[in-house]
Amino acid sequence: MSLLKDAILSVTSQGDKAFIPYIMAGDGGLEKLKPTILKLQQLGVTAIEVGIPFTDPVADGPTIERAGERALANGTTLRKVVETLNSFADEITVPLVAMTYLNPILAYGVESFSAEAKAAGIRGVIVPDMPLEEREIIHPTLSDAGIDLVQLVSLTSTPERMERLTKASEGFIYAVTVNGITGARSSFANELEEHFKKIQSYTDTPVLAGFGISTPDQVKNFGAFCSGVIVGSKIVDSLVNEDWTTIEELVAAAKTAVV
Amino acid sequence: MTNEVKGRFGRFGGQFVPETLMTALQELDEAYDQLNEDSSFQDELRYYLKNYVGRETPLYFAERLTKEFGGAKIYLKREDLNHTGAHKINNALGQALLAKRMGKKRIVAETGAGQHGVATATACALLDLECIVYMGAEDVKRQALNVFRMELLGTKVVAVDKGSATLKDAVNEALRHWVTNVDDTHYILGSAMGPHPFPTIVRDFQRIIGDETKAQILEAEQRLPDAVVACIGGGSNSIGMFYPFVEDKEVALYGVEAAGKGIETGKHAAAINGGQTGVLHGAYMHLLQDENGFVQEAHSISAGLDYPGVGPEHSYLHDIGRATYVSATDEEAIEGVKLLCRTEGILPALESAHAISYASKLAKTMTPDEIIVICLSGRGDKDVHTISEALGGDLA
Ligand SMILES: Cc1ncc(COP(=O)(O)O)c(C=O)c1O
């Protein structure tokens with residue numbers, strides 16, 4: 001049973017699309033984490049991806065990298081994020097997905113991280129620098145704690161890999177829609193549609209699109225191919241500017257994605 | 001052999017990279033395996049190493065240095081005499097030829113001291129490949145001469161001002177660039193580190209150092225050395241020197257890490273002696289990090305050793321006790337530079353001077369019929385400003 005998957009399916013079964021905002025924990029201070037999460041869940045997001053800053057974020061684009069630098073300067077660590085989440089865990093009503101590089105988990109201790117993250121409302125983990133082949137280092141322990149390990153599928157993944165990745169991914173499948181992290185989207189809409197169909201053909205786990213989605217139109221366009229979207233940089237920027245209107249528009253676009 | 005499971009050295013190594021890179025790494029792995037067995041590739045590489053790089057490099061008996069140390073007999077493996085002034089060209093040329101065979105048009109690389117950048121820029125000029133090199137903004141300042149050399153060679157140098165603005169941040173940017181342009185670009189990683197297959201590829205292209213040394217010492221002394229000593233940045237000159245000797249248990253292997261201002265001060269680059277195991281840049285290895293798993297800045301007077309990790313094969317050789325990892329401070333390295341200049345008329349790179357310094361201590365514990373080979377990984381022309389500054393001069 002996956003709480004994350006259930007949360008997504010309960011949205012898509014209504015004809016809507018899942019919407020997962022990415023936030024950088026500690027950007028603007030850890031004290032902002034609680035009000036941000038509570039407000040996002042009030043807007044009706046499906047789940048929240050909580051980014052953990054790292055000194056060497058090789059998979060992050062410039063906006064999120066800068067947010068990470070600000071969070072690090074504030075003294076944010078994986079441990080402090082888990083503690084902070086834990087302090088209001090009983091008020092969290094949507095599944096949280098932690099996005100963290102591997103080394104902070106190893107330094108935390110895989111066992112203590114899994115137990116404490118679970119208690120803090122973390123239902124899934126995304127580790128951008130840990131491909132499927134290396135996941136044994138944390139997967140069994142996360143599994144025991146009941147935390148999903150979400151795999152990314154990229155445009156460069158071969159069909160053979162795609163099949164293994166989609167079958168292994170828990171909660172949802174994170175389909176990267178750009179080559180690289182700063183690159184412009186290299187495929188056209190119809191190629192992307194094929195790509196998503198292919199991914200979905202291997203599994204009944206929902207497929208969500210992420211990376212480089214920043215407008216309500218893109219939310220709708222991608223929503224047409226898959227179960228929902230993850231929006232990162234645009235949310236991070238909007239939170240810095242306290243521009244909740246933009247965030248509301250993005251969330252709303254997922255609700256009316258299906259015509 | 002040290003990597004029984006492909007891509008692993010005991011518990012170290014692996015491929016800790018974003019999914020977007022996995023297909024590229026697999027392609028590289030397959031292409032490399034094929035070329036390894038392709039005699040036309042090996043012939044081509046040999047041709048350039050001989051006629052362009054100037055191999056083989058001498059194994060030079062340093063008589064005055066031997067007297068000065070007052071113990072074991074000292075030989076220097078003269079990688080400083082390679083074209084472009086360091087061992088880095090062995091790998092850069094090998095990988096550039098590999099990229100060409102793979103049909104890649106563009107090269108990306110990182111550089112610390114600028115030696116790998118210059119070597120890569122050189123190989124790219126030779127083989128008509130487009131080249132972009134990422135370099136920490138701090139290093140751009142410290143190694144202005146090498147930046148200029150790269151630009152003359154037609155390479156685009158991009159200063160990286162993120163993080164600590166040194167080698168590790170240059171690797172991050174090079175990885176990002178590769179992720180984004182993976183279709184037509186090969187990443188020439190400069191040391192025996194990073195995700196599989198890089199540590200193996202770089203070792204294989206650098207093992208010529210140890211292979212030649214072995215043949216040369218057998219000819220000169222009719223026996224193997226008692227010890228070999230090499231400095232450790234990412235670990236490429238050292239693994240190149242060590243690897244052919246790993247099975248020869250009578251040869252002691254010493255890797256010299258940069259102790260910077262002293263390991264106890266926290267300002268050093270000694271990943272094995274002063275770090276813990278962790279994951280960075282695609283590999284599980286020894287790493288300078290804090291209790292939160294955040295990577296810490298390395299400190300060394302030599303830009304080429306200023307890296308918080310170490311190649312995974314070294315972590316493994318340390319684990320099994322086959323090689324011994326020691327360290328030398330900034331100050332000791334400067335003494336090593338002065339000593340080699342004065343006794344042998346050779347200006348070593350600051351990196352290599354760490355090996356000289358440790359060898360001076362080791363030699364004294366040995367007898368005159370014992371032999372030490374020091375890997376003189378590069379020449380020190382690039383470091384004259386830094387050395388002058390350290391000696392209180394105002395050349396800088
Ligand atoms: C002359 C020289 N020696 C040693 C090194 C350290 O690298 P490695 O440990 O990969 O040999 C460098 C790196 O730039 C170098 O330029």
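Student: Which residues lie nearest the centre of the largest pocket?
Tutor: Arg142(B), Ser300(B), Ile301(B), Thr386(B) and Glu389(B) do, out of 25 lining residues. Keep in mind that this is a predicted model.
Student: Which elements give two or more residues to that lining?
Tutor: In chain B, α6 (137-142), α7 (144-152) and α16 (384-390). The largest share is from α16(B), with 5 residues.
Student: And what volume does the largest pocket have?
Tutor: About 530 Å³.
Student: How do the lining residues of the largest pocket divide into nonpolar, polar and charged?
Tutor: There are 11 charged residues, 7 polar and 7 nonpolar.
Student: Where does the largest pocket lie relative to the domains of chain B?
Tutor: Between domain 1 (16-50 + 88-198) and domain 2 (56-85 + 207-391), because both give residues to its lining.
Student: OK, cavities now. How many of 30 Å³ or more are there?
Tutor: The count is 6. The largest cavity holds about 290 Å³ of space.
Student: Which residues lie nearest the centre of the largest cavity?
Tutor: His87(B), Lys88(B), Ala113(B), Gly190(B) and Gly304(B). The whole lining has 27 residues.
Student: Which elements supply at least two residues each to the lining of the largest cavity?
Tutor: β5 (106-111), α5 and α11 (236-242), in chain B.
Student: How many of the residues lining the largest cavity are charged?
Tutor: There are 4 charged residues, along with 16 polar and 7 nonpolar.
Student: Speaking of phi, what is the value for Phe211(A)?
Tutor: About 80°, a positive phi on a residue that is not a glycine. Phe211(A) belongs to the loop between β8 (207-210) and α10 (216-223) of chain A.
Student: Is Phe211(A) buried or exposed?
Tutor: Phe211(A) counts as buried because its relative accessibility is 19%, and the cut-off for buried is under 20%.
Student: What about the phi of Asp128(B)?
Tutor: Positive, about 60°, and Asp128(B) is not a glycine either. Its place is the loop between α5 (115-127) and β6 (130-136) of chain B. With a relative accessible area of 66%, Asp128(B) is exposed.
Student: Now a helix. How many residues does α3 of chain A have?
Tutor: Helix α3(A), residues 62-73, has 12 residues. From first C-alpha to last, α3(A) reaches 16 Å, close to the 16 Å expected at 1.5 Å a residue.
Student: Which residues of α3(A) are buried?
Tutor: Thr63(A), Ile64(A), Glu65(A), Ala67(A), Gly68(A) and Ala71(A).
Student: And what do those buried residues pack against?
Tutor: β1 (18-24) and α11 (233-240) of chain A, together with α8 (167-180) of chain B.
Student: Which residue with a positive phi follows α3(A)?
Tutor: Gly75(A), with phi near 85°.
Student: Last topic. Where is Thr213(B) found?
Tutor: In helix α10 (residues 208-221) of chain B. Thr213(B) is buried, at 0% relative accessible area.
Student: What does Thr213(B) touch, beyond residues up to four places away in sequence?
Tutor: Leu59(B), Lys77(B), Met241(B), Phe245(B) and Val373(B).
Student: And Leu317(B), buried or exposed?
Tutor: Buried, with a relative accessible area of 0%. Leu317(B) is in helix α13 (residues 312-319) of chain B. Its C-alpha is separated by 14 Å from that of Pro199(B), 118 residues apart along the chain.

Methods. Residues are numbered from 1 along each chain as its sequence is written. Chains are lettered from A and ligands numbered from 1 in the order in which they are written. This is a predicted model: local features need pLDDT of at least 70, side-chain atom pairs count only at pLDDT 80 or more; totals for chains, interfaces and linings use all residues. Side-chain values use heavy atoms; hydrogens and water are left out. On a 1 Å grid over the protein atoms alone, a cavity is a set of points where a 1.4 Å probe fits but cannot get out, and a pocket is an open set with protein on both sides within 12 Å along at least five of seven lines; lining residues have an atom within 4 Å of a point. Grid points are joined across faces, edges and corners, and a volume is the space filled by probe spheres set on the points. Helices (H or I, at least four residues) and strands (E, at least two) are DSSP runs, numbered from the N terminus. Ala, Val, Leu, Ile, Met, Phe, Trp, Tyr, Cys and Pro count as nonpolar, Asp, Glu, Lys and Arg as charged, and the others, Gly among them, as polar. Domain bounds come from an automatic or database domain assignment. The expected span of a helix is 1.5 Å times one less than its number of residues. Buried means under 20% relative accessible area, exposed over 50%, partly exposed in between (1.4 Å probe, protein chains only). Contact means heavy atoms within 4.5 Å.
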